[in-house]
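Here are a few notes to read alongside the structure.

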Amino acid sequence: MVSLFKRSDKTNARQLKKYQRTVERINSLESVYEAKTDSELQNASAEFRGLLADGKKLEDLIPDAFAAVREASRRVLGMRHFDVQLIGGLVLAEGNIAEMPTGEGKTLVSSLPAYVRALTGEGVHVITVNDYLAQRDYRQIGQIHEFLGLTVGLNLPQMDTGAKKEAYAADITYGVGTEFGFDYLRDNMAGTNADKVQRPYHYAIIDEVDSVLIDEAKTPLIVAGKMAGNSDLHTVASLLARRFEKGRDYEFDSETKATSLTDTGIGKVEQAFDVGNLYELEHQTLYHYVIQAVRAHVMFERDVDYIVKDGKVLLIDMFTGRPMEGRTLSEGLHQAIEAKEKLEITEENKAQAQITIQNYFRMYPLLSGMTGTAKTQEREFREVYGMDVIQVPTNKPVIRQDLSDRFFDTADQKYRAVAKETAERHRSGQPVLVGTTSIIQSEAVARYLREEDLSFQLLNAKSVEQEVELISQAGQPGNITVATNMAGRGTDIMLGEGVAALGGLHVIGTEKHESRRIDNQLRGRSGRQGDPGSSQFIISLEDDMFRRFAEEDTEKFKKKNFPDAEGEYRGKAVQELSDRTQRIVEGAHFSMREYNLKLDDVINEQRKIVYDLRSRALNGDENGHLLKTMLEDAVSFILDEALPPDGLIEPEQLQTAEAALQELFGGSFRLPQDLDRRKQADARTAQPIAEAGQMIDAQIGHPRVNAVTTNVLRTFIDQMWVKHLEMMSHLKEGIGLRMYQQEDPMRIYQREGLELFTMNFQNLRMKSVTELLSFMRLRESEQKEAN
Ligand code: ADP
């Protein structure tokens with residue numbers, strides 16, 4: 001472990017030296033750019049663009065371009081980039097992660113790489129964690145770029161297509177990551193290519209890159225729409241589930257809500273639906289319906305979890321006991337309850353498009369990021385995104401004191417200690433920021449502070465603007481602020497007058513987070529730009545982390561170690577227990593992210609294929625070619641499926657192949673009865689394929705036929721994709737529940753996911769080709785008659 005850190009430190013030092021040389025070069029150009037008039041400086045962009053067009057490498061332009069931005073910033077905003085900010089800019093321009101603590105001015109850093117990479121005109125996306133910051137940075141930093149003659153855009157949710165297109169057409173576009181991802185999904189659902197808003201991806205800078213790619217990337221972005229499920233299946237599944245008995249027909253784990261069928265249960269389902277093997281891929285939809293029906297019966301009790309009113313199922317809020325209007329369960333569970341209550345079955349909310357944030361950003365040819373805390377996640381960034389983490393030196397040395405952790409036996413003792421510590425520091429007028437992991441925890445802290453008669457600001461469920469306002473005041477004398485780690489991110493906390501002499505801002509953490517990285521985010525609220533400050537975590541052995549990840553270990557510890565009268569443990573052992581547990585949590589989260597990403601990789605490849613086909617169909621220029629390829633592929637697929645590759649063909653195999661080919665070529669198509677080799681079958685299909693090809697070429701030239709082709713392809717592709725996503729999600733649900741003999745569930749998912757895709761893609765080809773060929777045949781015969 002230790003040697004690894006040393007090596008990474010050495011690499012870091014070597015890289016910094018390289019950047020240092022470039023910084024010296026930029027500094028030496030400073031007087032040149034200072035001497036330029038405003039209009040000369042503004043002309044620099046055109047000159048750079050000219051040099052690029054003449055074949056000059058972008059990397060070679062960097063010193064001049066950075067010098068130009070620094071000078072423009074000085075004139076427009078009155079801020080001259082510090083040398084360390086230039087280093088940060090170089091790290092970003094190369095497509096890596098710059099680790100720079102809070103207050104180092106990362107926003108200004110981004111102005112440098114954004115400018116350089118925008119010179120090629122291919123677009124730069126600057127990603128922030130919320131709309132407020134996007135707007136703020138767009139307004140502030142945008143001035144530098146506009147002064148230098150570049151265009152700057154702001155991409156916000158709810159903007160119309162025209163406004164979005166304009167934002168994306170700009171040289172530099174600001175916005176929130178999820179919105180960029182949703183635009184991608186919506187573009188791939190658009191009716192025409194002209195309705196798409198994005199350009200091809202080029203380069204992105206992600207602010208708070210760890211938050212965006214790690215913390216908030218747990219759930220995928222999903223565009224959903226109402227669609228009919230299969231109400232008959234719901235009804236039959238419900239009738240079955242009604243007669244099921246726990247332990248005999250199914251197993252249910254009330255803790256994890258995992259539900260699975262026993263062999264007896266499976267036998268009953270197979271009988272009811274007359275299928276041979278429920279676990280076969282094609283029956284997994286059936287399996288899903290039955291499982292949801294079982295859940296509807298065991299997890300939901302009428303008049304406790306839901307009520308039935310006016311023929312509708314209304315869920316009940318478990319905290320308030322009130323019915324929640326308009327809230328529904330997903331994945332067909334709501335419909336399963338409707339079936340259980342014999343109500344009319346409503347439409348389901350189905351995913352029409354989805355992508356993970358990780359896979360969205362992996363589409364950018366060059367990606368970069370900045371944050372105060374990335375080093376502990378270095379390996380993940382390198383493995384998943386190919387980005388290195390470079391620690392940039394601070395402008396002034398950090399003098400914040402990170403005090404050692406304090407440990408209490410119970411949560412009550414912990415909160416008492418937090419309140420006492422706050423009160424003591426408050427007495428001298430020192431500002432205190434108490435950080436929590438949730439709103440509920442913030443409320444707990446608030447109760448204890450009130451007992452100490454302290455007045456404080458509680459940042460719960462406030463608007464982003466209010467949070468920013470309150471957090472920015474947290475360094476004023478005498479202020480006590482209670483906030484979750486998320487509140488007011490990206491806001492600078494400046495110290496009020498006289499606060500430095502009192503020791504600066506003191507930060508108290510009340511629970512260890514799921515990674516040391518997030519603990520560091522909290523500590524980093526204090527001690528910005530060489531300010532004095534301090535931080536300390538006060539936690540308890542009743543905290544979630546110990547309960548969920550180290551129950552036994554903690555019990556063992558408690559048998560051997562004893563707290564003092566206030567419930568406090570001292571010594572090395574408790575610190576070791578805590579560190580060990582946090583490593584376990586970090587490891588568990590990492591594995592989960594890795595697992596989910598691997599799962600999504602399967603869909604990701606498929607999504608690329610489908611979206612590429614869709615976009616070409618919308619384009620319409622090569623519909624003839626697309627259709628002919630689909631026909632050829634459909635035919636090979638049929639022959640591959642039905643016939644042995646070499647060896648003799650059986651009569652039934654011949655029949656199967658013929659029947660499938662008739663769908664494509666029409667009922668009069670025949671394969672000779674004496675055909676006994678696969679090669680002969682290929683030869684027999686060559687002519688009808690060629691004839692269809694000629695007809696396609698002749699017909700597709702008519703604009704109307706071409707338009708119909710685009711429409712049919714688009715409709716079928718969209719239908720296929722929604723269905724495929726649903727089947728994939730059922731598959732994912734299934735692999736966790738199904739029992740396998742020593743086979744890795746991931747491998748099963750990959751294999752069966754591919755099988756599903758192959759099947760669905762072939763269905764898409766068959767449907768599209770059949771539909772379009774018969775349409776073309778009809779037109780052809782009409783045209784012949786007319787002549
Ligand atoms: P970070 O995101 O790294 O925490 P910010 O971008 O919020 O930091 O910047 C912190 C503060 O420092 C802001 O008020 C910003 O305007 C200011 N600042 C940044 N760089 C400079 C500079 N070179 N000269 C003067 N002020 C700066």
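How many residues surround the ligand, and which are the closest? Keep in mind as you look that this is a predicted model.

1. Let's begin with the ligand. The shell around the ligand has 14 residues, and Arg80, Gln85, Gly103, Lys106 and Thr107 are the closest. By type, this shell divides into 4 nonpolar, 6 polar and 4 charged residues. Helix H5, residues 106-118, gives the largest share, with 3 residues.

2. Now for the individual atoms. A polar backbone atom of arginine 80 is 2.8 Å from a nitrogen atom of the ligand. With glutamine 85 it is a polar side-chain atom that lies 2.9 Å from a ligand nitrogen. Lysine 106 has a polar backbone atom 2.9 Å from an oxygen atom of the ligand. On its own the ligand has 570 Å² of accessible area, and the protein covers 78% of that.

3. The protein chain has 787 residues, of which 51% are buried. Its secondary structure comes to 27 helices and 22 strands. Along the principal axes, the C-alpha atoms fill a box of roughly 95 × 75 × 55 Å.

4. Please have a look at helix H25, which runs over residues 678-700. Its 23 residues reach 32 Å from the first C-alpha to the last, close to the 33 Å expected. Within H25 there is a kink of about 25° at alanine 686, shortly before proline 688. Proline 688 is one of the buried residues of H25, which also include Thr685, Ile689, Ala692 and Ile696. As background, residues three or four places apart in an α-helix point the same way, because there are 3.6 residues a turn.

5. Helix H15, residues 378-385, is also worth a visit. Its buried residues are Glu378, Glu380, Phe381, Val384 and Tyr385. After H15 comes glycine 386, with a positive phi near 65°.

6. Aspartate 310 has a phi near 50° and sits in the loop between strand E9 (306-309) and strand E10 (312-316). Glutamine 529 has a phi of about 45° and is found in the loop between helix H19 (516-523) and strand E21 (533-540).

7. Glutamine 529 is buried because its relative accessible area is 15%, under the 20% cut-off.

Definitions and conventions. Residues numbered from 1 in each chain as written. Predicted model: local features only at pLDDT ≥ 70, side-chain atom pairs only at ≥ 80, totals over all residues. Heavy atoms only, no water. Near = heavy atom within 4 Å. Polar contact = N/O pair within 3.5 Å; in protein donor to acceptor, adjacent residues only side chain to side chain. Areas by Shrake-Rupley, 256 points an atom, 1.4 Å probe, with all protein chains shown as cover. Helix = DSSP H or I, 4+ residues; strand = E, 2+ residues; numbered from the N terminus. Nonpolar A, V, L, I, M, F, W, Y, C, P; charged D, E, K, R; others polar. Expected span 1.5 Å × (residues − 1). Bend = angle between axes of the 7 residues up to and from the residue. Buried < 20%, exposed > 50% of the residue type's maximum accessible area, 1.4 Å probe, protein only.
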